[in-house]
Amino acid sequence: MKKLALLALTLLLGPSTVLLGVATLGGTPATAAVCTPGSLTLGPIPDSLTATTRNGETVTLNRQQLTHAATIITVGGQTTGVGREGVLIALMAALTESTLRMLANTSAYPESAEYPNDGEGSDHDSLGLFQMRPASGWGTVAELMDPTYQARAFYGGPTGPNYPSPRGLLDIPGWQQMDPGEAAQAVEVSAYPDRYQNYQPVAEAILAALTRPAPSDGGPGGTPVVPETTRIVFPLPEGTWVRTSPFGWRSDPITGERRFHAGSDFAAADGTPIYAVADGVVMRANYTDAGGGVIVIEHTVRGQRVASMYVHMWAHGIHVAEGDTVTAGQHIGDVGSSGHSTGPHLHLQIHPGGAGADPVDSDAWLTSHGAEGITGGDATSAFCTAGGGA
């Protein structure tokens with residue numbers, strides 16, 4: 001079985017991957033970082049940060065503003081399906097609406113001054129970081145003067161405080177495929193829809209300054225220390241996929257030869273978002289002849305090192321890079337049909353013990369680990385069922 005696993009890895013990724021194993025990543029010492037439950041790892045909050053907007057304006061944020069940014073990052077890391085991409089959008093929205101200040105509005109709500117705040121706003125009856133309006137159903141004055149509540153309301157989703165309306169980010173269909181500024185506008189519904197893109201470079205600078213990769217020191221053999229994951233999720237959205245070719249021996253759909261299939265295939269429409277199955281660190285994200293677009297992520301699951309491998313994305317469908325820290329449910333790529341493939345699908349491999357260890361039946365592994373969303377598949381239309389290949 002070990003030889004079969006190594007052969008499968010070599011065919012998909014090339015011999016250098018099998019020989020390389022996992023890379024050593026730079027990072028801060030564990031004592032200097034605070035890990036949120038979603039493993040977006042926060043480092044120390046600096047006293048100030050200076051960045052430049054897209055239109056060339058210089059912005060300097062103080063410690064209080066950066067503390068609010070840390071709250072937005074933390075809540076995003078704790079919210080299913082948000083990931084780093086969603087946090088970036090939330091930061092862009094809060095920067096645009098309030099420059100990351102918790103704003104009272106005494107002309108509309110005199111009692112708002114009784115809550116901790118960073119100053120006075122005057123936009124209709126809007127309050128807080130995201131300038132949400134009680135009259136529009138976002139929450140009470142007391143709720144909206146709480147930064148954590150506002151962040152939860154912005155992200156929305158089934159666990160959000162306003163579900164299903166007003167809509168948060170997770171309630172916007174296809175938000176992952178939108179320009180980040182357009183996604184922010186879809187939540188905020190501003191009269192000035194083009195202004196959010198201006199703050200994207202500042203939001204990216206905040207993420208770079210406040211978050212850290214998983215720490216690298218202390219791991220056996222110099223491998224990165226990956227925090228224990230808090231969740232296991234199915235790697236495709238509910239209702240978008242069907243099971244096609246399972247783990248095990250089969251006739252190769254292209255050559256007809258009897259070969260061992262080291263993963264599980266899930267057919268889905270081209271471009272369907274692919275999610276990380278758990279919190280982890282990206283070990284590889286590149287394009288190969290046999291596998292096409294390939295992502296390999298290392299996780300810690302119940303104290304055990306586990307690697308997940310996602311195969312057959314188009315080159316433009318890879319949304320992470322080697323060394324990135326990802327959260328369970330983060331949008332890491334899009335379904336494609338590159339490499340050894342007969343139709344759009346995700347080929348998923350799970351390797352308990354790490355990328356160089358034997359694969360197991362990923363479908364069964366996800367089921368046994370109670371993956372969120374695993375019972376919500378097999379509902380897509382028949383045109384997807386042709387997807388197959390390595």
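1. Serine 98 is buried, its relative accessible area being 2%, where buried means under 20% relative accessible area, computed with a 1.4 Å probe on protein chains only. The residue belongs to helix H4 (residues 83–98), helices being DSSP runs of H or I with at least four residues, and strands runs of E with at least two, numbered from the N terminus.

2. This is a predicted model, in which local features need pLDDT of at least 70 and side-chain atom pairs count only at pLDDT 80 or more, while totals for chains, interfaces and linings use all residues. Residues are numbered from 1 along each chain as its sequence is written, and side-chain values use heavy atoms, with hydrogens and water left out.

3. Apart from neighbours within four places in sequence, serine 98 is in contact (heavy atoms within 4.5 Å) with Leu103, Gly128 and Leu129. A polar atom of the serine 98 side chain lies 2.7 Å from the backbone oxygen of leucine 129.

4. Leucine 129 sits in the loop between strand S6 (119–120) and helix H5 (141–144), and it is buried, with a relative accessible area of 0%. Residues up to four places away in sequence not being counted, leucine 129 touches His68, Ile72, Ala94, Glu97, Ser98, Leu100, Arg101, Met102, Pro147 and Gln150.

5. Helix H3 (residues 63–78) has 16 residues and reaches 22 Å from its first C-alpha to its last, close to the 22 Å expected at 1.5 Å a residue, that expectation being 1.5 Å times one less than the number of residues. Among the buried residues of H3 are His68, Ala69, Ile72, Ile73 and Gly76. At the start of H3, a side-chain oxygen of asparagine 62 comes to within 3.1 Å of the backbone nitrogen of glutamine 64.

6. How do H3 and H4 cross, and at what angle? Their axes, which are lines fitted to C-alpha atoms over the stretch in contact, with angles from 0 to 180 degrees between N-to-C directions, come within 9 Å and cross at roughly 145°. In this contact, Ala69, Ile72, Ile73 and Gly76 of H3 meet Gly83, Val87, Ala90, Leu91 and Ala94 of H4. By class, the contact has 7 nonpolar, 2 polar and no charged residues, with Gly counted as polar.

How values were computed. Buried < 20%, exposed > 50% of the residue type's maximum accessible area, 1.4 Å probe, protein only. Polar contact = N/O pair within 3.5 Å; in protein donor to acceptor, adjacent residues only side chain to side chain.
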